[in-house]
Every structure is written in C-alpha cells, then in structure tokens.
Amino acid sequence: MLSIKNLHAAIEGTPILKGISLEIKPGEVHAIMGPNGSGKSTLASVLAGREEYEVTEGEVYFKGKNLLDLSPEDRAREGVFLAFQYPVEIPGVSSTNFLRTAVNQVREYRGQEPLDAVKFLSLMKEKMKLVEIDQKLLSRALNEGFSGGEKKKNEIFQMAVLEPTLSILDETDSGLDIDALKVVANGVNQLKTKENATIVVTHYQRLLDYIVPDYVHVLFDGRIVKSGSKDLALELEDKGYDWIKEEISGTTV
Amino acid sequence: MTGSKKRSQEQQFKKFARFQLQMTVSTKKDHKLAKIFLSGTAAMQDLPLYSNLKKSAKEVLEVSGMPTLKNEEYKYTAISKRISDQLTRFGTPSSIDNLQKEIQGQQELFQLDQGYTLVCNNGIVDAHLSKIDPQLFQLQTLNELSKEKATQIGAIEKNEFDPFTALNSLCFRDGIRIDIPDGKIIEKPLLLVNFVRPDENGACIHPRVFIQVGKNAQLTLIEQTIYLGDDPVFVNSVSEWKVGQNAHVRSYKLQDGHKKNLEVSNTRSEVQQDASFTSIVLSLEGGMIRNNLSLDLNASNCEGNMYGLYLLNGKTHVDNHTNVDHKKPHSESNELYKGILADQSRGVFNGKIFVRQDAQKTNAFQQNNNILLSEDATVNTKPQLEIWADDVKCSHGCTTGQLDEEALFYLRARGIGKDAAKALLLHAFAGEVLDQLKEEGFKEYCEKVVHARLGGHY
C-alpha cells in the first residue's frame with residue numbers, strides 16, 4: 001500500500017530525513033519510535049504533504065500513485081490521514097461545517113454523491129459514539145478552547161468520519177492521561193480493518209500497550225536504524241534510546 | 001553651442017517647474033479644488049433656510065481648503081487629489097430618468113424592503129418611489145422644514161469638523177429629515193437606497209440626512225448607494241443623528257460600488273442617556289472611500305458600537321476614521337474593524353477614543369485586525385486613546401498578518417481544496433463582523449455578497 005524508498009527531506013536547506021525506506025501492507029500497524037529530533041514528525045509531515053519540507057531524494061508510492069506529486073488535499077482524498085501532533089484551533093469555522101465540507105470534497109473526488117444534511121448528521125452520530133466525543137464540542141468552532149485530550153479525540157473522530165486507508169498518528173498520545181489515551185486507542189483499534197493500515201509515531205512505549213503494532217522501527221538521525229516486533233518497543237522502554245545511539249556509533253567506528 | 005545652451009535652459013526650467021510642483025504638493029491645503037466648488041455654487045439660488053449654514057461652510061472652505069496628504073487626518077488618503085484628477089464636472093447631476101426601471105434591476109436589495117423604503121435620485125428623495133408609513137415616522141425634505149427644525153441641520157456635524165462636511169453644506173440643494181416620535185418602535189428596518197449617476201451637469205452628489213430618534217424609540221436603518229454605470233463620480237454624504245434617551249439605533253451601511261467611485265461620508269451621532277447607537281459599515285468595492293464616524297456619548301449609561309468590514313482588491317483604498325467621545329460615567333463603547341486586502345489595495349484605520357474626566361467607569365474596547373493576501377497590499381492602522389478619567393477599562397489592539405498557513409494546511413490535510421480552505425478561513429475571519437448584523441434578511445444578503453467575493457478574486 002505504501003512504499004517509501006530512500007526518502008531524503010530537508011527544511012530550509014537542513015537535511016532531516018536521510019534515506020528512509022519502509023514498506024507497509026494493508027492491515028498492518030507500524031510504530032515509529034525514536035528520540036526527540038530524530039525526524040519522526042518530519043516523516044509524518046512529508047507524507048501528509050506539508051509544504052515547508054523539501055523532498056531532495058527518494059520516492060513514495062501510495063496505492064500505486066506517486067504520493068509526492070499530489071497536493072495535501074489530494075493525498076487526503078486518496079485516503080491518507082494525518083492526526084496532528086498539535087491540532088490547529090480555527091476560530092469562526094464550525095466543526096460540523098468543516099467536516100461536512102471535507103467529507104463532501106473527498107466524496108466528490110471519489111465520484112460519490114455528496115451527503116445531504118440528514119445523512120451527514122447520522123454519520124456524525126454513529127462515529128461520535130466510537131470516540132466518546134461530546135456533541136457539544138462539535139457545535140463549537142474547530143478545536144477552539146478544546147482541552148488537549150479533546151483535541152486528540154477530535155482528530156480520531158475526524159479519522160473515523162473520513163475512513164482513510166492509511167492513518168498516520170503523529171504523537172497522538174503525548175500529553176494524554178491514561179483515560180484519554182484508552183479512549184483514543186480504543187477508537188483507533190475499532191477503525192482497524194484488513195484493508196487499512198496505521199503508522200503510529202510515538203515517543204513513548206505506553207501507547208503501544210493499547211495499539212499493538214506489527215512492526216516497530218527506530219528512527220535516529222533521519223534513518224531507520226533498527227526494526228523489529230513489538231518487543232523492540234519494550235526493550236527501548238527498558239534501556240532508553242542511549243543504547244541505540246551507542247550501537248550506531250559502535251558500528252560506524 | 002547654442003543648442004547646448006538651450007538645453008541647459010530647458011533643464012533649468014524643468015528644475016524650476018519641478019520645484020514649483022513640489023511647492024504646490026507641499027502645501028497643506030488644496031485651495032484650487034475648494035475654489036472650484038466655491039465658484040460653482042456662487043451663482044446658485046439661495047436656500048433661505050440654510051443661508052447661515054452655507055455662509056459658514058463657505059468661510060470654512062475659504063480658510064481650510066480641501067485636505068491634502070499634509071493634513072494629519074488625511075495623511076494616507078489623497079481623496080482631494082483623486083477628485084481633481086478623475087472628475088471633470090464638479091456640479092450636481094440632474095435626476096435620473098425612469099428610476100423605477102433601475103429599481104427592478106436591484107431586486108435582491110429591494111426584497112429587503114419590508115414596508116419602509118426611501119429612494120433617492122442623485123441625492124434627492126423621490127417621493128413616488130419611496131414608501132413610508134406616516135403613522136410611524138415623519139419624513140420631510142430639508143426644504144420643507146420649519147425654521148426651527150432647519151436650524152438643527154449642521155448643529156451636530158458642524159462645518160468646521162471636516163472640510164468635506166463643509167463642502168456638503170455648501171453644495172446640498174435638498175436632503176432628508178426623519179423624526180421618529182417618542183416611544184415609537186420601528187420593528188422593520190428602514191431601507192435607504194440612493195441611486196447615483198453622473199451626467200453632463202456634474203459628477204458630485206452631496207446627500208444630506210438628519211435623523212432624530214425620540215425618547216424610548218427604536219430604529220434600524222439600512223443604507224446603500226447604487227452606482228449606475230461606471231463613470232467617475234463623487235458622493236459626499238453627511239448624516240446627523242440625534243438619539244434620544246433610552247432610544248436604540250442600528251445603522252448599517254453597505255458600500256459596494258465600482259472602481260471609479262469616490263466616496264466620503266461624515267456620520268455623527270449624539271447619544272443621550274441610556275441610549276445606544278450601533279454602526280456597521282461593510283466596504284466591498286469602490287475606488288477610494290473615506291468614512292468618518294463619530295459618536296458623542298453625551299450622557300451616562302450610553303452604548304456606542306462601531307463595526308466595520310472591508311474586503312479590498314485591485315487598487316481600492318478604504319479609510320475608516322472613527323471617533324468615540326465618552327463624556328459621562330458608565331458608558332460603554334465597542335469597536336471592531338476587520339479587513340482582508342488583496343492586490344495593491346490599501347486600508348486605513350484610525351480609531352480615536354476619548355474619555356473625559358467626568359466619564360468614570362467607562363468601558364471602551366477597540367480592535368482592528370487585517371489579513372494581507374498580497375505583498376503589495378498595505379494597511380495603516382492607528383489607535384488613538386486619550387483618557388482623562390482614572391477609573392476606566394479601555395483596551396485596544398491591532399493585528400496585520402497573512403492567512404494562517406498552519407490552519408490552511410490543517411484544512412487541506414482533511415481533503416478540502418486550497419481555494420475552498422482559504423475561503424473558509426477568510427469567511428471565519430469576516431464572520432465576526434457579519435455576526436453583528438441582527439436583521440436576518442439583510443444579514444443573509446450581506447453574507448451572500450461577501451461569499452461571492454471571498455470565493456472569487458482572492
């Protein structure tokens with residue numbers, strides 16, 4: 001489904017990603033871990049199409065299409081979803097109006113009829129239960145005045161409504177208490193099917209107790225330096241990232 | 001030899017000419033333009049009711065001339081120069097034939113007509129096309145007024161306050177006075193539509209309105225000027241409001257002309273105890289527009305609200321100068337002006353808040369926010385607060401920036417196209433002002449016009 005080959009990316013001339021290769025198949029959950037500044041969020045941003053990042057080398061194919069050629073909105077319409085690390089507050093734009101616009105633009109792209117108000121409302125109601133989000137929040141402006149947990153829940157709620165094939169959760173767990181974390185993880189797990197895949201970008205192993213990955217990759221200095229099963233995450237939790245750093249510097253010397 | 005001598009003489013002359021040019025530019029007043037208007041009106045028939053007002057206007061103009069960029073109040077808005085440059089005829093056009101037909105072309109606007117409409121033809125009210133209920137309020141033309149009522153014209157917005165006010169006083173041939181009796185609640189809005197078209201007689205129109213709202217009365221006014229054709233034209237209006245005790249007024253103005261229209265409006269409202277005055281000005285299209293809005297909160301417990309939205313493109317220039325004068329305790333003023341500027345457009349905002357020593361417990365808030373969509377667009381914004389009382393709450397703030405890129409990316413990452421995402425954000429920005437429109441019909445009308453603009457050339 002997603003094939004990343006030797007991806008290099010830079011911001012304002014500073015290289016951040018220095019050759020990432022990754023294959024993701026339908027139904028899989030991949031966790032990307034690594035210390036701060038290793039390039040985890042950059043990878044998520046590059047996949048979603050954030051324009052500040054310049055791809056200097058490599059290629060990314062998504063369902064056979066060159067992802068890097070697509071605008072951010074077309075990536076979303078193709079089925080890529082980025083759950084933001086810091087969801088943006090947008091005063092004056094109602095959550096409902098925003099989501100309806102999004103859903104219908106995605107549907108239009110896919111050649112589907114737009115949803116009328118009634119159908120859209122019932123879709124909202126159905127998905128709201130999934131992430132236990134308060135209806136009152138959705139009558140307010142998008143993310144405005146939401147707590148950290150509410151913002152993250154809203155991300156998963158949007159994901160549920162848009163039904164992406166590839167979800168990228170960028171540090172969705174950071175800043176959440178355990179109750180909110182469980183709700184978010186539960187939502188993600190319920191949305192999991194054999195057809196879609198998830199990339200979980202995280203700093204902490206804790207999230208992976210709830211969203212169990214098939215693969216864990218460790219990102220360090222813009223490269224994937226180690227890949228393994230979920231046990232790798234436990235090892236990292238136990239030993240910290242220094243162990244990886246030493247191993248890397250050991251091999252280079 | 002002679003050739004080069006001649007050349008150098010020419011150069012010297014050019015230098016001198018340039019110097020002379022600089023001299024004229026650097027004078028603070030444009031007397032030439034004032035003289036054109038003064039001589040143009042000299043031969044006009046006297047209006048006995050207003051001979052004093054016109055005499056004082058003449059005196060003001062003779063001394064002050066028309067403002068240039070050297071005048072502090074007009075330092076960003078060279079409207080006098082534009083008038084001199086773009087107009088060739090400084091008289092007043094005669095009335096437009098068959099205005100009924102033009103009204104039919106403005107169906108959407110006239111759908112807002114809920115019973116009370118005033119139609120003006122090049123600044124002069126057309127009694128046949130207007131509909132008002134004499135049970136509810138009294139409408140008179142300025143020339144029909146009693147001597148006593150006529151002396152009130154020009155007593156609120158005085159000639160010496162602004163040269164354009166004096167110019168209006170000098171030039172108007174008639175106008176409107178509306179009196180809302182005490183206690184009368186006018187529930188449906190009054191629509192005031194001025195149709196404007198220059199002709200061979202002139203391209204300058206000076207509408208004059210005086211509205212007195214009695215004690216405990218209530219009125220909503222919706223005002224729009226319809227520019228027929230796109231010939232250069234200058235509309236210089238003066239509106240005076242006398243708002244009685246515990247009366248409540250909402251005044252909406254929609255400015256949606258064309259790229260060659262020049263407009264100056266001077267609006268001043270005297271607000272009495274427990275009364276409120278709310279002004280909302282939407283400026284969507286025009287060549288150069290200058291709005292002077294002044295609220296005199298003359299007694300305690302008054303409320304003055306000033307809202308504005310300007311969506312500019314091309315070379316449109318809109319300047320809003322507002323002034324609120326808190327004279328007595330316990331009054332409140334709220335002000336919010338927002339602008340979206342594209343291309344080489346320019347916005348000017350100047351907000352004066354004056355809190356006098358007696359005006360303790362005043363609350364005064366002011367905000368001006370701008371979004372620049374192009375590198376060539378300009379905003380000059382200046383809050384001016386003068387506070388003489390010590391127990392007050394006053395705040396002001398202004399921001400000017402680009403569209404929030406982070407928000408734009410967030411919307412696009414959800415599948416919303418770039419243009420739609422921009423429109424959504426700009427709408428949200430403008431919405432804060434549009435939300436202040438309380439009349440549903442007019443609000444919908446404005447939202448539609450704004451929507452068309454934001455989805456279009458931005």
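**View 1. Two domains of chain B.** The domain assignment, automatic or from a database, divides chain B into domain 1 (29-299) and domain 2 (405-458). This is a predicted model: local features need pLDDT of at least 70, side-chain atom pairs count only at pLDDT 80 or more, and totals for chains, interfaces and linings use all residues. Residues are numbered from 1 along each chain as its sequence is written, while chains are lettered from A and ligands numbered from 1 in the order in which they are written. The C-alpha centres of domain 1 of chain B and domain 2 of chain B are 31 Å apart. Twelve residues of domain 1 of chain B contact ten residues of domain 2 of chain B (contact: C-beta atoms, placed from the backbone, within 7 Å). On the domain 1 side, β10 (218-227), β12 (248-256) and β14 (276-285) of chain B each supply at least two residues. The largest share, four residues, comes from β12(B). By class, this side of domain 1 of chain B has eight nonpolar, one polar and three charged residues. Nonpolar covers Ala, Val, Leu, Ile, Met, Phe, Trp, Tyr, Cys and Pro; charged covers Asp, Glu, Lys and Arg; the others, Gly among them, are polar.

**View 2. Chain B as a whole.** Chain B has eleven helices and 22 strands. These are DSSP runs numbered from the N terminus: helices are H or I with at least four residues, strands E with at least two. The radius of gyration of chain B, over C-alpha atoms, is 23 Å, close to the 23 Å from the globule rule for 458 residues, so chain B is as compact as a globular protein of that length. The rule is 2.2 Å times the number of residues to the power 0.38. Buried residues make up 48% of the 458 residues in chain B. A residue is buried with 20 or more other C-beta atoms within 10 Å of its own, exposed with 12 or fewer, and partly exposed in between, the C-beta atoms being placed from the backbone.

**View 3. B:K131 in its loop.** B:K131 lies between β4 (124-125) and β5 (138-141) of chain B, in the loop. B:K131 is partly exposed, because 13 other C-beta atoms lie within 10 Å. Leaving aside residues up to four places away in sequence, B:K131 touches B:G115, B:Y116 and B:T117. B:D113 is 18 residues from B:K131 in sequence and 9.3 Å away in space, C-alpha to C-alpha.

**View 4. The contact between chains A and B.** Chain A gives 19 residues and chain B gives 17 residues. On the chain A side, α2 (72-78), β7 (90-94), α3 (95-109) and α6 (148-162) of chain A give two or more residues. By class, that side has twelve nonpolar, four polar and three charged residues.

**View 5. An open sheet in chain A.** Six strands run in the order β6-β9-β10-β3-β11-β12 (chain A), with mixed pairing (pairing needs at least two DSSP bridges between two strands). The edge strands, each pairing on one side only, are β6 (80-83) and β12 (223-228) of chain A. β3 (29-33) and β11 (215-220) of chain A pair in the parallel sense over four bridges. A:M33 has A:V218 in β11(A) as its bridge partner. α6(A) packs on the sheet, touching β6 and β9 (166-170) of chain A, and its direction makes about 170° with that of β6(A). Angles run from 0 to 180 degrees between N-to-C directions, with axes fitted to C-alpha atoms, for helices over the stretch in contact.

**View 6. Helix α1 of chain A.** Nine of the nine residues of α1 (40-48) of chain A are buried. A:G49 follows α1(A), with a positive phi near 100°.

Methods
Two residues are in contact if their C-beta atoms, placed from the backbone, lie within 7 Å.
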